[in-house]
Amino acid sequence: MGCFPRFLKLRLRLKRKTTTPGLQLSGSPKAWEQCPHCKELFGDVYDKQVQLSTVLKSAAQCSRCWALGQILNYITDLRSASTVLVGSIWHDNTLEIGIIRPGDTFETAPGYKIYEIGDRYKGERPLLDPIVGLPIAHKATHVNFRPIRTTAEHRFALAKEWLSECVTSHEACNEHDAEYLLPRRLLDISDVEHIRLVNTQHQELHPRTGYVALSYCWGKQGNLCTNTANLNQHAAGIPMLSLPSTIRDAVIACKHLCQRYLWVDALCIIQDDPRDKMAQIPQMADIYSGALLVLSAAGSSGSLEGCPLGPPEMQPSPPKIIGLDFSRYANNDNESSDYRETIVVEQMEHERCRSLPGHWAHETFDQDPTDALNVVEERGWTFQERFLAKRSLYIGKGEMSWTCATEVQCECRNPSPHIKTKAGDRVFTRRYGINHMSVNKLFSEAELSKTYSYLWSDIVATYSGRLLTQFGDRVAALEGIAVALQRRWPTIYKRDEYFFGCWLSLLPDLLLWHVSGEPVSEQIYPDLFPSWAWPSCGRPVSFISWVWYGVDPKLWVELLDFEVKEPPPAAVFGQGGGTVTLRGPLIPVKREVVTYDENEEEVVYVPIDTQLSFMVGGASLDHGDGDPDAERVSHLALVGSYPFKLQEKNKQLSCAMLCLAPITGRQENVFRRVGMVLLPRTKQAFLGAEFQRLLTPHVTDYKLT
C-alpha cells in the first residue's frame, strides 16, 4: 500500500451502528504531516479548497485522510465527484470544515466542527493526535447540548424560567431600570376570543405596569392597522381570528408567558394620524426599553406568515459521537497497541455566523453575520427594537433564544460558563443591545471622546445596511437609540446637538463615512437629508477605522457653525436640510480619466497645486457612477490623515478627503458632498510640520449642504 505498507489498522464506529472494517497500514506517528492534501484543511485560515475525492483517494496512504473520509461519511454523500472541502483550525483547537456540495457556495455551504476528546494522554495534551492527526479540543462543547422539548407548554416553560431569573436575580439587567413612560396605548390580551386596545392614560394603569413589545416585519401587505376610522372599534375589541398570523402567534406566546399587555406598533399607533406618529417615534426608547420583554418574531418575513415555534426538521441537529478504534503496528514489530478515540461532530455554532443568538439549523459555514433564516434582522425598524430591549426572546425558524445584559441563551444548549474581564464584566462576542455596550478602556483615557464617537459609528454602520420600505424613515428608525444614548451619557450625547443621525460634537469623526453594498430601499431620495450626513446615502456605510485605531491620526477640520432648515410640513421625522460651516484644507482639483493595462478606466482627482501631486486618488461615490455631480467635483476637503507628528518623518499611510461639487447659484465655497477619496500610502515621507506647511495655504472656511 504505497510507501507505508504496515502502518495502521483503523476501524471507525458510530454509536448504535455496526462496526465497519478498517484499513491496515503501518509507519511512524505523525506520518500525516507529509500528506499534501489534508494539510490544506488544517491551517489557520480557510485558504485552499480541496476536492473530497482527492482526500478519499489519499486514504490508503494517509491515516488522517482515511479518518476524515470515514467521519464525513456520516454527514455528507461521499459519491459526489464535485464536492470540495475547506477547513481551518480555530482558537478552541477544533477543525471547522465546510462541505461545498453541488449548488452550494462558500457563503451557503454547511459547516461542522470536528474534534477529538479523550483522557488517554497523561500530562500535557498534544494539539493534534499523533496517530490520526485530528485536533484534540481544549474543551468539549457537545456536552452542553440539550434536546428541545416537544410541546409548546414545555418550550415556553423554559422561556418563563429565563424571564423569571432575569427579573429576580440579574443585577446588570435591572440597574438602568428607570421610570420609563408607558406607551400611549396597549393591547389587553386577557380575553380568550378578543384583544382590546386600551388608552393607558384613561385606564389609569400603574406606571410600572409590565408589558411585552413585539418586534416583527410588517411585510408588503396584509397587516392590520389602527386608523382614525376603526379606533373605537379596536377599543371595543378585535377578534383573535381577525389578527394577522404573526400578531396572533405573538398573543399566544404572551399568554404562555402569563403576560396581560402587548404593544404592537401597527395597532397601538394611529397609522393615518401624522401627529400621533410624530409623537410616538421619539417615544421608542421608552416603549422598548421600558418593556418587561421584547418578543421578536425572528423567523417571520411578514405579518401574514406567523411565528410558530420551530418544527423538529428545522431544529439544530444533536452532535454526532463517533468511536474511532485503531491498532498501531511498529515498523519492525508484529505486536500492536490498541487505541480508541472519541470524535465529536457538531454543526457549526460560531456566534458570528448569524446576527441572532442561538444555534439555528441550516446555518452557513462562512462567518458573514447575515442570518439567512431569521429575516427580522434584515429590516431597519427592528434594529432599535432589539438594541433598546432590556431582555429579548426570539422565536426563530428552528428554536427560541434569549438575550439580556447577563445571559445569551437558546433552547438547544445549556448555558456555558461566562467569560469575564479582570473587572468582572461579562464579555459578549456580539453587542446585542445597549446593555452590552461599554465605554471602559476601548481607547486611551486621553481620547475618551473617541470611544463615544466609535460607539455611535459602530451602531450606524450596523444599522445602515438594514432594509427600509420607506427610505425617508432612515433617521426615524434610529431615533429611539439616539434618545437612549442621550439618557445614558447626557454630557456626551446632547439632545440639542443631534441632527440627521449625527452628533455635532463628534461631527469630524462622523464625516468620514463611505458607501458599500446594495441599496436599502427600492426608491432612494438623497435630498431628504443633507449630503454630508450618512442618511443621505441609500446604501450601507462604513467609517474609516484608523480614526480610532490608527497610530497618531489627525483630524484637519473644525466645525464653526451649523444651520438647520425647517422641514416641510409633510416631512417624516428626522428629514430636512442642514448646513455645516467647516474650517480645514480645501484643495482645488481637476478631473482626469486614467486607463490601465486592460483598458480599464478610473476617474481620479488631481490637485492643481503641484506640491500636493501625491494626493491623487479615485473616489468612492455616494450615489454610484450615475451621479451627474461626480463630473462637477472641484475640490477635495481633507478631513483626516495618519500618522501625524510635527517633528517626526513619516509616510502618510492614509488620507481621507471628501469630494465636493459646488452648489449652482450659491455663494463661493458652498458645496454638496459627492463621495470620498481614501488615498493609499504615500511614497514620500514628510515631517509633520512640513506636511502641515504644504496644506496651510489651502485652509479656509467652507460650507456643506
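## Close-up views of a predicted model

**View 1. Strands 16 and 17 side by side.** Strand 16 (residues 400-404) joins strand 17 through three bridges, and the two pair in the antiparallel sense. Here W402 faces Q409 of strand 17. Strands are DSSP runs of E with at least two residues, helices are runs of H or I with at least four residues, and both are numbered from the N terminus; two strands count as paired if DSSP finds at least two bridges between them. This is a predicted model, in which local features need pLDDT of at least 70 and side-chain atom pairs count only at pLDDT 80 or more, while totals for chains, interfaces and linings use all residues. Residues are numbered from 1 along each chain as its sequence is written, and side-chain values use heavy atoms, leaving out hydrogens and water.

View 2. Step back and you can follow nine strands in the order 10-8-7-11-9-12-15-16-17, with mixed pairing. At the edges are strand 10 (238-239) and strand 17 (408-410), each pairing on one side only. Helix 3 (residues 152-169) packs on this sheet, where it touches strand 15 (391-395), strand 16 and strand 17. Contact means heavy atoms within 4.5 Å. The direction of helix 3 makes about 5 degrees with that of strand 16; axes are lines fitted to C-alpha atoms, for helices over the stretch in contact, and angles run from 0 to 180 degrees between N-to-C directions.

**View 3. Helix 10 across the strands.** Helix 10 (residues 381-388) lies across strand 9 (212-215), strand 12 (293-296) and strand 15. Its angle to strand 9 is about 145 degrees.

**View 4. One side of helix 15.** Look for G688, F691, L694 and L695, the buried residues of helix 15 (residues 688-695). Buried means under 20% relative accessible area, with a 1.4 Å probe and protein chains only. These residues lie on the same side of helix 15 because they cover an arc of only 125 degrees around the axis, taken from the directions from the helix axis to the C-beta atoms. Their cover includes strand 24 (577-595) and strand 32 (699-704).

**View 5. The largest nonpolar core.** This core has 117 residues, and W263, W456 and W532 have the most contacts inside it. A nonpolar core is a set of buried Ala, Val, Leu, Ile, Met, Phe, Trp, Tyr and Cys residues joined through side-chain atoms within 4.5 Å. Helix 11 (residues 448-463) gives the most to this core, with seven residues.

Methods. Buried < 20%, exposed > 50% of the residue type's maximum accessible area, 1.4 Å probe, protein only.
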